[in-house]
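Hi,

Here is the structure I promised to pass on to you. Have a look at it first, and then read my notes below.

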Amino acid sequence: MPKPEIRVFRDLEELSQAAATRFEELARAAARKKGIFSAALSGGSTPRRLFEILAAPPFVGNIPWEKVHLFQVDERSVPPDDPESNYRMTREALLSKAPLPADHFHRMAAERDDRDRASRLYAQELTYILKPPKGKLPRLDLILLGMGPDGHTASLFPGTAALQEKKLWVCANYVEKLKMHRLTLTFPVLNSGANILFLVAGADKAKVVREVLEGPRGRYPAQRVRPARGKRGWFLDEAAANLLRPKTRGGR
Ligand code: 6PG
């Protein structure tokens, strides 16, 4: 498997600008080639600035929004207007400003009591839009991921049941340390993506960034994102990249 692309930026602003450029390039290329661009967005705090940049000139005018379909990587089991909701953050930063057709955002209804059913419905939505060949996994054009200081990505936290999921595309996951249910895309779907881009910023991530990128494999969930036929990239800010060896920082 080829090494991931690793780029280090001065701060979150530069990192977000570069991620917006990558989003635009991939969106335009996919729209031209296939008439559709699909991306899955993470929540948390890091991508907020990227979403704001995408929703403002010049990017907002360069992205073929009518051909874009946006999915969620994961969602917390809270109502969509809750301050903890990833959908709410995405709506405030991006959806309320960019001219994305309303039915081109695919929200994970993680607030439902029946989370297994909500997961099944979300998998159906992936099928409906991405139309994978029968028996094959859906292939998102871009998956934007974050990483927590414990090495989790999406809502795939260390020691949780969803790490073992091999069949389902979307599943519910209970995260004991947060005392919270989540809905998340699973490793099979993440690893079918065409482009995976991790966005990681902040000094509290420096240690885990070093361990994930330079340490032995298989320790952290984020290390299990290894798309078989896709590209992996890590966009880091200086603070998060601070403990990396020069060779890794320069690296491809
Ligand atoms: C979420 C996520 C999660 C996130 C990381 C990093 O719902 O929290 O999608 O996987 O990407 O926890 O979060 P920060 O960007 O806030 O550091």
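Arginine 249 is partly exposed, with a relative accessibility of 26%. Keep in mind as you read that the model is predicted. Which residue does arginine 249 meet in a salt bridge? Its partner is glutamate 238, with an N to O distance of 2.9 Å. This pair links distant parts of the chain, since glutamate 238 sits in helix 8 (residues 238-241) and arginine 249 in helix 9 (residues 246-249), 11 residues apart. Glutamate 238 is partly exposed too, at a relative accessible area of 34%.

Now turn to the start of the chain. There, arginine 22 and glutamate 5 form a salt bridge, and their closest N and O atoms are 2.9 Å apart. Is glutamate 5 buried or exposed? It counts as buried, because its relative accessibility is 12% and the cut-off for buried is under 20%.

Another pair to find is arginine 107 with glutamate 111, whose side chains meet in a salt bridge at 2.8 Å, N to O. Arginine 107 is partly exposed, at 27% relative accessible area, and glutamate 111 is partly exposed as well, at 29%.

Salt bridges can also join up into a network, as they do for Arg10, Asp11 and Glu14.

Enjoy exploring!

Best wishes

Key: Residues numbered from 1 in each chain as written. Predicted model: local features only at pLDDT ≥ 70, side-chain atom pairs only at ≥ 80, totals over all residues. Heavy atoms only, no water. Salt bridge = Lys/Arg side-chain N within 4 Å of Asp/Glu carboxyl O. Buried < 20%, exposed > 50% of the residue type's maximum accessible area, 1.4 Å probe, protein only. Helix = DSSP H or I, 4+ residues; strand = E, 2+ residues; numbered from the N terminus.
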